[in-house]
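Let's take a look at this chain together, starting with the overall picture and then moving to its aromatic rings. Have the model open while you read.

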Amino acid sequence: MTRERVTILGSTGSIGVSTLDVLSRQRDRFEVFALTANGNVDLMARQCQEHAPEVAVMADPEAASVLRDRLARAGSPTEVRVGSEGLVAVAESDRVDVVMAAIVGAAGLLPTLAAAGAGKRLLLANKESLVMSGALLMDAVARSGATLLPVDSEHNAIFQCLPAGYACADPVHPHGARRIWLTASGGPFRERALDSFDAITPDEACAHPNWDMGRKISVDSATMMNKGLEVIEARWLFALDPEDIQVVLHPQSIIHSMVAYSDGSVLAQLGNPDMRTPIAHTLAWPGRMDSGVEPLDLFSAGALEFAAPSLERFPCLGLAYRALRAGGTATTVLNAANEVAVEAFLAGEIRFPEIAALIEQTLSALAPEPAKSLEGILAADARARDYAKDWLKRSASPR
Ligand code: NAD
Ligand code: MG
């Protein structure tokens, strides 16, 4: 059997490392074609030694030259490429079958679009690319015949609860599905006193109770913007109206999401909170394979709880629905303002509640436009970043 060749965009991140862990258990089925990272040379060098990819890409040019020297000294045959062109090249190469899109944020957009346009089997973790330009990405998939499989645990759960033969972008209603339930843990501040939110530190925001993730998505989970981005992601993956996408707090993170059918049935996917499950599912689909994840022990799982999220506690969730309803480039603006705000919060430049305030101001200031071209999307993204950075200069009040 010829092995499938895999590119991992963002191999040094949380999803990238989990993907390599799954692949290392399946060496007879998969080989690593390319690994990519931004600047983490140490980890990339170790990954190249262990997985011997044909190509390694560093987005940062200085990191690329350090890696090149280091691999040359070690006698490694891996070719080192650089920058955005390098990322796009390994996403669309004829030599690759499967692309794991696991770069964080807007930096993932171009290589993810390239993989979609080249008709790859696209395993999508980079939700920001759908939030920025859902219509363009889904168009690229439809035109090229790419196979799009969701890695985000909620969307992967929903995909698993839809009938065999369902393909992303198909409306779910003809399959008898009426609505979906996206589960949300509520993050570290689900019960924290609201009057202490000003004092929240970056480390507190990154200490997620159930999942071990990169810092940006950890802050997104603490504000619940992550769930907002996932509502928008679900709108595109499953062709749903905002009204048919419901968020429910479920602090145990055992049920990863649900589909409600017209006959009253609700189907759920359960498992331990470990991203290797959805990663292995998308790699093996339509089959199954070992992921290394501990089996779920229902006897020790205890009670499963559900509650409605509070928009007073989590205003970012409301902002995401607002941007989705506004349409066009509003979700591009939402994503850009959120990235600027999270970076500023992690750098200690703004307080936790100002993340939502900055996004709200940016959304109100910039009217949405049709999201029909990549140029239009990138222009809206740049305008929103400029506005948000300007707002930071005028209004931020560091802790
Ligand atoms: P992370 O911060 O741990 O890793 C990000 C990866 O992207 C790293 O390899 C980094 O080198 C690379 N990167 C960062 N900036 C870059 C740039 N400018 N150019 C090129 N590469 C760059 O992030 P993560 O937690 O692994 O999340 C990755 C994506 O997966 C995000 O879109 C996130 O929303 C999504 N996701 C993550 C999880 C999770 O459990 N971690 C779950 C669901 C979805
Ligand atoms: Mg998720």
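A residue is called buried when its relative accessible area is under 20%, exposed when over 50%, and partly exposed in between (1.4 Å probe, protein chains only). Bear in mind that this is a predicted model, where local features need pLDDT of at least 70, side-chain atom pairs count only at pLDDT 80 or more, and totals for chains, interfaces and linings use all residues. Residues are numbered from 1 along each chain as its sequence is written, chains are lettered from A and ligands numbered from 1 in the order in which they are written, and side-chain values use heavy atoms, with hydrogens and water left out.

Of the chain's 399 residues, 54% are buried. Its C-alpha atoms fill a box of roughly 55 × 55 × 45 Å along the principal axes.

Now for the rings. Rings of Phe, Tyr and Trp (its six-membered ring) pair if their centres lie within 6.5 Å; planes under 30 degrees apart are stacked, over 60 edge-to-face, and the rest tilted.

| Pair | Centre distance | Plane angle | Type |
|---|---|---|---|
| Tyr166 and Phe238 | 6.3 Å | 40° | tilted |
| Phe189 and Phe352 | 5.3 Å | 85° | edge-to-face |

How buried are Tyr166 and Phe238? Tyr166 has 3% relative accessibility, and Phe238 has 0%, so both count as buried. Phe189 and Phe352 are buried too.

Finally, Tyr166 and Phe238 belong to one aromatic cluster with Phe159 and Trp285.
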